[in-house]
Amino acid sequence: MVNWAQVIFNSGVTGSLYLIGAVGLTLTYGLSKFPNFAHAEFMTLGAYIGYFVAEQLGLGLPLALLVAFLIAGLVGVLCYRGIFQPLAKRGASIIHLMVASIALGFILRHSIGAAWTWKPLYFTATWSAFDAGPLRITGLWLWLIFAALVLSLAMHFLLMNTKIGKAIRASSSNPELALASGINVDRVIWITWFIGAGLAAVAGIFRGADTQIWPMTGWDIILPIFAVAILGGIGNFYGAIAAAFIIGLAENIGVVGLIALGLSTTYRTGIAFLILIITLIVRPQGLAMLFRRA
Amino acid sequence: MDPIFVAEDINAGYGDVIIVQGVSIQLAEGETVAIVGPNGSGKSTLIKSFLGFARLFQGSVFYQGKDITGIASNRAVSLGIGYVPQINNVFLNLTTAENLDMGAYHRKGKASIKAGMAEIYDMFPELEARKNGLAGNLSGGERQMLAIARAMMAQPKVLFLDEPLASLSPKPASAILSKMENIRESGTAIIIVEQNVKKALSVSNRGYVLVNGTCAIEGDAASLFAEDSSKQRYLGLEAKKD
């Protein structure tokens, strides 16, 4: 007997994690015009910084989220300014930039492994599980859903009501016209990389707290996060919200199917991959047409 | 009168390819100047090179007597130079009002921007009716209006218009021309790049005719108008039938 309420709830948890992880990827992809694979390592870095602040310094989860956001944000900006911006100004193509990001990710991953070792770490704070009706819930999951909700509202306010938010949308859709309007597009890109890498760190902490922290923490979920960015439409924040929950739902229903078929649930990542492939074949622009004011 | 904008001996193009060679133009305050010529003559490349959207190989650009050669694209606006590209000239994913907001990006003070927007809506009443709609839903003529209105939000002293009449049917085209008259009356000097010679010269004081990247003739709009038709045909300047 499948507990469908639990499946729906779990989809919300999965979708929340993917949304927080994908916002930065899709926005920086839209502005800088290349997929940054090192986004995975921004998540991993966040998980380790979070572990350091929350566990080793014992300062708790909220402060860990804040510190990881700020440090990873700064690392993101430095990576963009130090590596990708100079490459782009020299006329690097999307492929050059993408390969550079894979290389950067590799370096970051192994540097993290060298600094903290590859032995998995665990948050010791216990997230008491409790029952609410048919649902089994943990405090961490509620925190995660809450964080995704706050993020959605904050990003909506930023993109629709602030000057910098409108400049992000404008620069993403038409960089030349943005320059002609007097927008400092480089600065807009730096700010977006800061926010994007910072949010990746937040996703990394939640993923690390829910499973384990090791140098592959981010890489383990980069595929579904790419699927969210592409299904949502590159650079489209609202599309990403819809896509995160569609993929969250597909994965969790898929897990039910895998169990019914007697297959391992480790195939769940394959579901996001399948959606990614189908999107690219059938509708490469993703859900963008549904959210045109993005 | 001292010219407000001067470009001297410009060589410009893209990558390693030089398209414009040795062209000089100038614009007096409050004047409208047309740069006309056949397709591929380098008209658009010329004005793009002033603003960093095409490569400037050689030459100097002065604005209000100051050397602004090689200025960063986004810095020109705050000095008072507006630019309306020929294509992709509105933010499709932004509303009409948000497009105007972007035009006022460098301006300070919410109240003055709001007042500026009210002035723009006075000049372009058709845009006010669509202010909360997406620019992507506007008609071709309305888009061109919005593109010009966005540039006007920056309160430019010099406005570059790149083929504003291209792909417009006669009615919206004449609407754009009458807006240009309003803009000139408000004191903004205009450089208009156009293939439609007759229409461009009809709203201009002077004109430059570019052929194969060099300036073939320059002079008063009236005298260019009067150039005999055989020469016009030779230059590929025959007015479009409309």
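Of the 242 residues in chain B, 45% are buried. The model is a predicted one.

**Overall form of chain B**

- Chain B contains 10 helices and 10 strands.
- Its radius of gyration is 17 Å, close to the 18 Å given by the globule rule for 242 residues, so chain B is as compact as a globular protein of that length.
- Along the principal axes, the C-alpha atoms of chain B fill a box of roughly 50 × 40 × 35 Å.
- Among contacts in chain B with a separation of 6 or more, 68% are between residues 24 or more positions apart.

**Ala72(B)**

- Ala72(B) lies in the loop that runs between β5 (66-67) and α2 (73-79) of chain B.
- Ala72(B) counts as exposed because it has 12 C-beta neighbours inside 10 Å, and a residue with 12 or fewer is classed that way.
- A distance of 16 Å separates the C-alpha atoms of Ala72(B) and Ala154(B), which are 82 residues apart along the chain.

**Contact between chains A and B**

- Chain A brings 18 residues to the contact and chain B brings 23 residues.
- On the side of chain A that touches chain B, α6 (163-173) and α7 (175-180) of chain A each supply at least two residues.
- The most is given by α6(A), with 5 residues on that side of chain A.
- By class, the side of chain A that touches chain B comprises 8 nonpolar, 5 polar and 5 charged residues.

Technical notes: Residues numbered from 1 in each chain as written. Chains lettered and ligands numbered in written order. Predicted model: local features only at pLDDT ≥ 70, side-chain atom pairs only at ≥ 80, totals over all residues. Helix = DSSP H or I, 4+ residues; strand = E, 2+ residues; numbered from the N terminus. Buried ≥ 20, exposed ≤ 12 C-beta atoms within 10 Å, placed from the backbone. Contact = placed C-beta atoms within 7 Å. Nonpolar A, V, L, I, M, F, W, Y, C, P; charged D, E, K, R; others polar. Rg over C-alpha atoms; globule rule 2.2 N^0.38 Å.
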